[in-house]
Amino acid sequence: MQFIDLLSQKDRIRAALLQRIEGILDRGQFIMGPEVTELESRLASWVGSKHCVSCSSGTDALLMPLLAKGIGPGDAVFTTPFTFVATAEVISLAGATPVFVDVCPDTFNIDPDLIGHAVDEAVQRGLKPRALIPVDLFGLPADYDRLGAIASAYKLWILEDAAQSFGGSFRGRKAGSFGLVGATSFFPAKPLGCYGDGGAIFTDDDELDKLLRSIRVHGSGIDKYSNDRIGINGRLDSIQAAVLLEKLAIFDDELEARQRIADTYSKRLQGRVVVPRIPENYRSAWAQYSVIAASAEEREEMMQALQKEGIPTMIYYKIPLHLQKAYDFLGYKRGDFPVSEDLSSRIFALPMHPYLAEEEIEKICSVLLA
Ligand SMILES: *Cc1c(COP(=O)(O)O)cnc(C)c1O
């Protein structure tokens with residue numbers, strides 16, 4: 001059994017994709033070709049955002065808005081320690097200081113009640129509070145109603161880390177469209193993935209869109225050889241855009257399949273483990289289906305029982321960021337973010353992809369329920 005099966009999906013799009021790739025080979029425009037332009041306009045309308053700037057990865061999709069907004073030394077950017085390292089890494093790469101805020105125990109997303117205190121503390125440390133990066137963990141959008149109010153009260157702008165939530169929504173509004181700017185990833189294992197690295201940035205802000213397009217190509221002015229600002233090489237390949245165009249065509253169908261699978265898991269496993277809670281008016285993209293065992297020991301037993309039956313599991317995230325060696329210099333210690341630490345010790349993820357068969361789900365559940 002596969003944790004994420006990309007092969008069944010490939011069979012579904014293979015013929016159409018090969019045709020697109022042949023076109024790219026014939027035209028020879030391998031980077032930022034017409035496929036990229038087509039993809040950007042399709043993605044912008046899919047998300048319901050005025051602009052989409054495609055780019056080289058989810059990490060660059062997070063970094064580029066920070067560069068565009070002039071985030072740098074002395075600035076505090078708030079995010080959670082219960083996420084993939086890229087969320088905090090880009091803050092450091094921009095020269096600013098990541099300030100962590102613990103998550104809610106039931107949604108695993110940033111706890112709005114704790115942000116005010118974190119902002120006050122950052123100010124006491126001499127930092128300038130600038131931005132907030134909520135992460136839509138495992139596919140579930142964060143609480144943008146409350147986050148929006150808190151952000152404006154503290155004059156922070158919001159960068160939505162939608163790397164896992166592309167396809168999710170809140171009150172019908174799609175993930176990627178929240179905050180001033182949203183960033184997503186097309187890493188192969190994400191809900192919408194390409195066959196390499198890729199990402200995209202969404203915004204309604206015309207000025208920011210222009211800056212992002214410049215930063216994507218080395219801070220280009222009228223062309224690549226006139227440089228107005230410091231940028232990066234953040235472009236997307238035409239072949240990756242072709243893959244994404246074909247996958248986008250079947251994406252709604254895949255999201256429904258993910259939802260069906262999550263519903264089956266939850267119905268069967270409720271009571272045995274803590275199953276994910278999706279609050280009213282939210283839809284998850286189900287990048288991961290993570291459950292919580294009663295203890296670290298029980299998690300180990302469950303994962304081993306599954307392993308014995310050839311069922312792969314993963315732990316997202318085993319070490320919260322404030323306890324990672326790379327962030328020693330921030331001076332956090334165990335006990336600083338109790339919810340993230342507790343989740344790290346008990347959470348684990350089950351196989352989740354749109355092509356998981358009924359019999360496979362049944363087998364996974366029966367091992368866990370035995
Ligand atoms: C995957 C991921 C990223 C980074 O995306 P890449 O395309 O791998 O660079 C950022 N944030 C979160 C929450 C992610 O899961």
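1. **Leu25.** Leu25 lies in helix H1, residues 7-27. Helices are DSSP runs (H or I, at least four residues), strands likewise (E, at least two), numbered from the N terminus. Leu25 counts as exposed because its relative accessibility is 51%. The cut-offs are under 20% relative accessible area for buried, over 50% for exposed, and partly exposed in between (1.4 Å probe, protein chains only).

2. **Basis of the model.** This is a predicted model: local features need pLDDT of at least 70, side-chain atom pairs count only at pLDDT 80 or more, and totals for chains, interfaces and linings use all residues. Residues are numbered from 1 along each chain as its sequence is written, and side-chain values use heavy atoms, with hydrogens and water left out.

3. **Salt bridges.** A salt bridge here is a side-chain nitrogen of Lys or Arg within 4 Å of a carboxyl oxygen of Asp or Glu. The count by this rule is 17.

4. **Glu38 and Arg42.** These two form a salt bridge, with the closest N and O atoms 2.9 Å apart. Both sit in helix H2 (residues 34-47); they are four residues apart, so about one helical turn separates them. Glu38 is partly exposed, because its relative accessibility is 28%. Arg42 is partly exposed too, at 39%.

5. **Arg277 and Asp106.** Which parts of the chain does this pair link? First, the contact: Arg277 forms a salt bridge with Asp106, and the closest N and O atoms are 2.9 Å apart. The pair links distant parts of the chain, 171 residues apart. Arg277 is in the loop between helix H9 (251-269) and strand S10 (282-283), while Asp106 is in the loop between strand S3 (97-100) and helix H5 (115-124). Arg277 is partly exposed at 44% relative accessibility, and Asp106 is partly exposed at 33%.

6. The side chains of Asp336 and Lys333 meet in a salt bridge, 3.0 Å from N to O. Asp336 is partly exposed at 26% relative accessibility. Lys333 is exposed, with a relative accessible area of 53%. Elsewhere, salt bridges with shared partners join Arg20, Glu38, Arg42 and Glu246 into one network.
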